[in-house]
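Please read them with the model open.

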Amino acid sequence: MKQNERAILQDRVRTLVLRHALEAALQRLAHLSGASAEEELLRLEHSLVVATRRVGEVPGNMQLAALVAVEDAVVAIRTAFDTVHQRIEAAPALSAVAPTALAA
């Protein structure tokens, strides 16, 4: 495996691990936030994306590499938030089904 390919693979693994860690942290935050979890997660997502994009504003020859890394990070952040939003939306449906299933 070439040095460049190894670096790309390591970066992708790191991104995947960080995305799963972020999902777990967001899930815990949503659980602790209760009813306001959706709004809090949307504000946090917006703040993280804006801050991450500012990192891409480096001068010179590193700009393209930084912009690509920033966009990869934004995709990982949005994917983690989307996963947690789906879990939040599915939770009320599951809790409404559970009592009915137990009664039957």
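1. Start with E57, in the loop between α2 and α3 (63–103). Helices here are DSSP runs (H or I, at least four residues), numbered from the N terminus. E57 counts as exposed because its relative accessibility is 61%. The scale is this: buried is under 20% relative accessible area, exposed is over 50%, and partly exposed is in between (1.4 Å probe, protein chains only). In sequence, E57 and V70 are 13 residues apart. In space, their C-alpha atoms are 9.6 Å apart.

2. A word on the source. This is a predicted model, in which local features need pLDDT of at least 70 and side-chain atom pairs count only at pLDDT 80 or more, while totals for chains, interfaces and linings use all residues. Residues are numbered from 1 along each chain as its sequence is written, and side-chain values use heavy atoms, with hydrogens and water left out.

3. Now the whole chain. It has 3 helices and 0 strands. The order from the N terminus is α-α-α. Of its 104 residues, 19% count as buried.

4. Look at contacts along the sequence. A contact means heavy atoms within 4.5 Å. Take the contacts with a separation of 6 or more: residues 24 or more positions apart account for 64% of them.

5. How do α1 and α2 cross? Helix α1 covers residues 3–33 and helix α2 covers residues 37–55. Their axes come within 8 Å and cross at roughly 140 degrees. Axes are lines fitted to C-alpha atoms over the stretch in contact, and angles run from 0 to 180 degrees between N-to-C directions. The two helices are therefore oblique to each other. Under 35 degrees would be roughly parallel, over 145 roughly antiparallel, 65 to 115 roughly perpendicular; the rest is oblique. The crossing is right-handed, meaning the near helix is turned clockwise from the far one by less than a right angle.

6. Which residues of α1 and α2 meet? From α1 come L26, L29, A30 and S33; from α2 come A37, E40, L41 and L44. These contact residues divide into 6 nonpolar, 1 polar and 1 charged.

7. Is H85 buried or exposed? H85 sits in helix α3. It counts as buried, because its relative accessibility is 8%. Leaving out residues up to four places away in sequence, H85 touches E38, L41, L42 and E45.

8. Last, T15 in helix α1. T15 is partly exposed, at 26% relative accessible area. T15 and D72 are 57 residues apart in sequence, yet 8.1 Å apart in space, C-alpha to C-alpha.

How values were computed: Nonpolar A, V, L, I, M, F, W, Y, C, P; charged D, E, K, R; others polar.
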